[in-house]
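This briefing sets out computed features of one model, grouped by topic. Please read it alongside the sequence and the coordinates.

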Amino acid sequence: MNKSPWIFLGVLFAMSLSWWGMVFGPASQVNAAKADLGDGTSLHPRSGLAQQGEQIYRENGCYYCHTRTATGGTFGYEIQITQFGADEDLTREIIGEKFAANKIFEKAFAFKAVAGANDAKKAASEAVKAEGADVEAAEAGLEQAAEALTEAKTAANAIKTEETLIALGVSGVTIEGDLAGELGLPIEMSEADKSEVANATFAVSNGIEQWDEIKDTVRALKDRAGAQFKLLPVADEWPDVVNGVARRQSVSRDFLFDSHAMPGVMRVGPCLSNVGARQTDLNALYAKIYNSQAGGQSSHMPPYKYLFNVRAAEEDETLPADAVTISTGDGVTSVESGFVVTPTTKARALAAYLQSLRNDKGLPEAPLPAVREISNPEEGE
Amino acid sequence: MSEEETHNAPLAPEAKPEEINASCRGPVLFLFFSAALWAVQATGVGLLGSLKMHVPGFLADCPFLTYGRLQANAWVAFLYGFAGNAGLGLTLWMLSRLRGMPLAKPGFVLAGAFLWNAGVTAAMVGITMGDLPGVAGYELPAYASRVLLIGQSFIAFSAIITYFSRRHQQLYPSSWFLIAGLVAFPWIVGTAHWLLVETPVRGAAQIPVAHWTVTSLQQIWLGCMGLAAILYFIPKITGRELYSRQWAAFGFWMLLILGGWVNLNSGSPLPVWSIKLSQYASVLFIFVLIAIGWNLRQTAKGVPLLGSSDLTLQCMGFALGAWLITALFTFGNANSDWNNLLQFTYAGTAIRQFFAWGFFAMAMFGAVYYVAPRLFSGEVDWACSGAYKWIFRLTAVGAMVILLAGLGMSYGHGHALQTGSDEVLKKALMPMRIAFLGEILFFLSSLIFLGSMACLLFRNCGGEFSPMALIRKCRLDKAEGGAE
Amino acid sequence: MEEKDSNLNLKEHGEPAAGNSQMPVSIMVVLTLLGYIGCYKVDELNANFAANVHAPFGSPAEVASLAPSEAELIFGKGKQIYANCQGCHQPNGGGTPGQIPPLVNSSWVKGDPKLAAAIVLNGLQGAIAVNGTPYNGAMTAVGAAWSDEEIAAVLTYIRQSWNGEELVTAEQVAEARTMIKDSGHQGTWNKVSLDAAGFATPE
């Protein structure tokens with residue numbers, strides 16, 4: 001520690017550790033992030049007015065009072081099965097007796113049994129008609145298959161539940177025509193019915209379990225039972241989601257194409273991570289930017305009147321279409337009484353930028369959590 | 001000469017303190033006076049900005065005075081204007097003294113100082129015109145950072161030459177911190193300039209880079225310069241030796257390793273690993289706290305710092321306490337729950353202001369009080385030195401007000417954000433309203449600082465070169481000219 | 001003469017020296033322990049430095065389970081590509097009665113996917129019957145420039161949305177391509193040439 005060159009080198013080395021971990025590491029990782037979301041859509045940069053609006057946002061230092069970062073919180077998981085696998089006993093073992101006792105579960109597997117028996121009967125009747133077949137054996141097989149089908153239908157009809165369409169949906173089989181009628185299903189399905197079947201889900205967790213508690217179930221369902229399912233995070237104490245500020249947490253891909261990130265440091269004003277979805281009324285947005293206290297609102301945001309063209313209104317002049325207005329007790333009036341206020345290009349750009357700030361679309365790494373009461377499926381129907 | 005011979009060769013004679021002081025006089029006083037001007041600028045602009053927060057319509061029609069631009073300007077003026085000038089001036093003086101050699105290449109220092117001030121001015125003008133880089137806490141447009149880097153390199157050049165002008169038996173710990181400060185600044189600002197402003201990386205990648213820049217500037221650049229001052233002045237004024245070299249080394253290396261990692265908000269839109277590593281570093285930061293705190297506590301055992309009659313010691317004592325409190329806050333930030341509550345409130349800004357003024361500015365004020373009069377040879381006439389104790393008092397009270405109000409009341413804001421209460425705005429403004437009082441005190445303190453620096457300079461700056469003498473000379477010339 | 005301020009005490013001690021008190025070893029022990037525990041915790045919580053794991057999620061396995069399944073992605077991609085088809089076949093797959101055959105419950109779509117793949121690749125013209133209704137139009141070779149994956153995706157979308165069938169894989173599309181090449185047929189199909197090439201058309 002007595003030689004300055006050693007200190008110099010030591011300083012370089014010591015600081016390079018944090019440089020590596022906080023600058024090079026994250027930056028190179030993010031630079032490799034893809035915009036492609038895998039389902040044919042991708043994230044794309046802003047263009048046009050919205051892109052220019054980013055500059056207006058930066059020029060006026062909006063990021064000193066507003067954040068663009070919604071945060072995470074605590075949540076639970078709901079496993080929603082969209083299609084059961086083939087093995088009823090195995091699935092019952094995996095999801096537990098509590099959920100397997102539900103009538104929908106039983107009905108779904110009963111429908112599977114019926115569909116299977118129906119296919120077997122069809123195959124048997126093909127075998128009878130096939131050339132060179134042992135007709136007697138084939139007819140015996142057909143008789144057996146018919147009996148099995150009748151048994152399966154009886155068993156299915158013995159399970160009483162209102163949610164037959166959901167049971168059909170999660171069973172993953174198709175039952176049409178007369179067979180459907182015999183099982184209490186609509187012979188001709190309406191659009192609404194079809195939709196209910198297509199979107200049917202069966203919840204097998206209480207919406208409060210953490211990942212560590214359900215990960216074994218998830219793996220077993222996928223690998224062993226062959227079930228198809230969705231994991232739905234259900235917000236518990238997740239302030240930004242529960243309070244409606246945003247629909248999910250902000251992730252690094254939300255800033256992928258920004259030329260300046262500006263995540264913000266303080267929330268004196270509301271978080272803008274989802275303002276594009278929350279504030280769709282362009283006029284209200286302009287009114288807020290022009291004078292946040294217009295119409296008696298309480299706000300400490302400074303007025304940005306210089307982003308607007310303001311001229312004195314003529315007597316009895318009707319406001320032009322792009323004039324900024326507010327609704328008061330006297331109806332719709334100009335935001336500045338006695339004046340006509342229209343946005344300049346800068347204001348339009350800023351508004352376009354703000355409207356582009358949305359996080360109401362789920363990403364693979366950040367699905368939209370639900371905020372609702374979970375009905376307890378263990379009570380069954 | 002062989003290594004053995006070099007090692008056994010007698011050390012070059014140490015220059016006398018008076019000689020060193022004299023060599024430093026011009027450049028260091030220039031830097032100190034610039035710092036004083038920038039301090040007033042920073043606090044004035046900051047006050048104006050804060051006023052607009054509480055009275056939103058005030059001067060709202062002028063785009064140049066938008067709240068965001070004023071906040072950026074205030075921080076730029078403080079960080080680069082005041083802290084840069086004062087810190088660099090002190091660095092040069094301390095390095096010369098610790099080396100026992102007069103300051104080499106003062107011309108380079110003056111050139112560097114001019115460039116530095118030009119850079120900060122350019123930054124402020126640019127920001128006023130709207131050219132904000134978008135990185136809160138850094139805020140240097142490209143042209144400004146280029147000039148600052150060149151200016152700093154000139155000053156660092158002088159420091160290096162001074163340093164190598166004499167072999168020294170042992171480096172005092174403050175020297176390590178000062179070298180670190182000189183090395184860290186170009187690296188930090190160079191990285192930010194290159195990756196955030198000149199050829200910006202993708203938006204998402206800018207977030208960690210920006211965080212590293214801001215944290216390093218605070219913890220490493222300001223931290224090193226301030227701690228160097230504290231580690232130097234407390235032993236020097238009390239006449240004791242620093243308790244432990246080992247503790248100082250431990251603290252130094254831990255600070256450098258951890259300084260750029262810490263304090264990442266847990267809600268940042270970064271992958272989980274970044275946040276966990278930052279929290280880990282924040283936890284380990286307790287060791288820096290222990291190292292610095294214990295070392296200085298043992299050094300000053302039995303000697304009251306805040307209660308001392310020596311003003312510099314009082315300033316250093318307060319600065320040390322402030323540094324320890326912010327280090328504790330850094331340590332606490334590792335806790336996700338606490339961080340989640342406070343991350344988007346005024347707490348972060350309050351702690352930053354407390355660090356800036358309670359620690360760094362206070363250390364600089366104390367150091368300048370000690371160094372500035374000693375730069376003049378012979379008798380010093382500093383009639384305003386009595387007012388200087390008000391700088392200490394006002395800064396100390398202002399810092400405590402900001403810390404207690406800013407931190408304490410931010411809990412209310414944090415809770416309101418979590419519960420989605422309608423009172424969010426009211427709770428957000430409460431700490432800022434009280435912190436405004438602290439900012440007024442900082443402004444007054446800066447005015448007094450400027451006043452006493454001006455007083456010191458104008459009364460002592462070499463008879464025939466003082467402004468009064470020059471004015472007299474002009475009048476005489478005029479009278480003679482007129483008479484003829 | 002101005003009065004000089006003699007209150008300033010400018011006497012000073014020499015430059016400070018650093019003492020040699022030893023740092024207790026216990027501090028290094030605590031640091032090592034804390035460092036180890038911290039590394040362990042970070043290892044537990046850092047999701048293997050995965051780029052796509054963001055708080056509040058904690059592990060790559062978790063995020064992988066949350067992400068849409070392969071089947072959902074293909075369906076979504078198919079839906080995107082179907083935008084090229086909906087001009088004629090309508091967004092609901094209903095077609096235009098008398099002019100454009102529907103894709104809903106269509107015997108041409110169900111069953112062996114290689115038939116549909118062949119039609120997408122080369123187009124179809126001439127008289128055909130779909131679900132008993134005759135049609136005599138012309139379909140361009142929309143998928144001539146599409147990849148196997150893209151054709152598989154759009155066929156999956158059509159089959160799953162309106163025909164209750166399963167996935168179409170890229171391999172099946174590739175097989176169709178091979179069959180076309182082997183048959184030596186060039187240009188738009190009609191019913192006869194399709195049958196001749198080995199793609200069994202429904203009646």
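The model is predicted. Chain C has a radius of gyration of 36 Å, well over the 17 Å of the globule rule for 203 residues, so chain C is more spread out than a compact globule. Chain B is in contact with chain A through 65 residues of chain B and 57 of chain A.

**Contacts between chains**

- Between chain B and chain A, 65 residues of chain B meet 57 residues of chain A.
- Helix α7 of chain B, residues 203-238, supplies 9 residues to the side of chain B that touches chain A, and this is the largest share.
- That side of chain B consists of 39 nonpolar, 22 polar and 4 charged residues.
- Between chain C and chain B, 31 residues of chain C are in contact with 36 residues of chain B.
- The side of chain C that touches chain B has 16 nonpolar residues, 11 polar ones and 4 charged ones.

**Domains**

- Chain A is divided into domain 1, made of 45-72 and 243-356, and domain 2, which covers 97-191.
- The C-alpha centres of these two domains of chain A are 59 Å apart.
- In chain C, domain 1 covers 25-66 and domain 2 covers 70-196.
- Taken over C-alpha atoms, the centres of domain 1 and domain 2 of chain C are separated by 50 Å.

**Chain C as a whole**

- Chain C contains 8 helices and 2 strands.
- Along the sequence of chain C, the elements follow the pattern α-α-α-α-α-β-β-α-α-α.
- The C-alpha trace of chain C spans about 115 × 55 × 30 Å along its principal axes.
- Of the 203 residues in chain C, 32% are buried.
- Counting contacts in chain C between residues at least 6 apart in sequence, 57% join residues at least 24 apart.

**Helix α3 of chain C**

- Helix α3 of chain C runs over residues 70-82, and its 13 residues should span 18 Å at 1.5 Å a residue; the end C-alpha atoms are 18 Å apart, so the two values agree.
- Buried residues in α3(C) are I74(C), F75(C), K77(C), G78(C), K79(C), I81(C) and Y82(C).
- These buried residues of α3(C) pack against α4 (86-89) and α6 (148-162) of chain C.

**The sheet in chain A**

- Chain A has an open sheet of 3 strands in the order β2-β1-β3, with antiparallel pairing.
- Strands β2 (202-203) and β3 (228-235) of chain A are at the edges with a single partner strand each, so one side of each has no neighbour in the sheet.
- Strand β1 of chain A, residues 75-83, is joined to β3(A) by 8 bridges, and the two run antiparallel.
- F75(A) has A235(A) in β3(A) as its bridge partner.

**Residue I237(B)**

- I237(B) is found in helix α7 of chain B, the helix that gives the largest share of the side touching chain A.
- I237(B) has 21 other C-beta atoms within 10 Å, and it is therefore buried.
- Leaving aside residues up to four places away in sequence, I237(B) touches D310(B), T312(B) and L313(B).
- I286(B) is 49 residues from I237(B) along the chain, and their C-alpha atoms are separated by 28 Å.

Key. Residues are numbered from 1 along each chain as its sequence is written. Chains are lettered from A and ligands numbered from 1 in the order in which they are written. This is a predicted model: local features need pLDDT of at least 70, side-chain atom pairs count only at pLDDT 80 or more; totals for chains, interfaces and linings use all residues. Domain bounds come from an automatic or database domain assignment. Two residues are in contact if their C-beta atoms, placed from the backbone, lie within 7 Å. Helices (H or I, at least four residues) and strands (E, at least two) are DSSP runs, numbered from the N terminus. Ala, Val, Leu, Ile, Met, Phe, Trp, Tyr, Cys and Pro count as nonpolar, Asp, Glu, Lys and Arg as charged, and the others, Gly among them, as polar. The radius of gyration is taken over C-alpha atoms; the globule rule is 2.2 Å times the number of residues to the power 0.38. A residue is buried if 20 or more other C-beta atoms lie within 10 Å of its own, exposed if 12 or fewer, and partly exposed in between; C-beta atoms are placed from the backbone. The expected span of a helix is 1.5 Å times one less than its number of residues. Two strands pair if DSSP finds at least two bridges between them.
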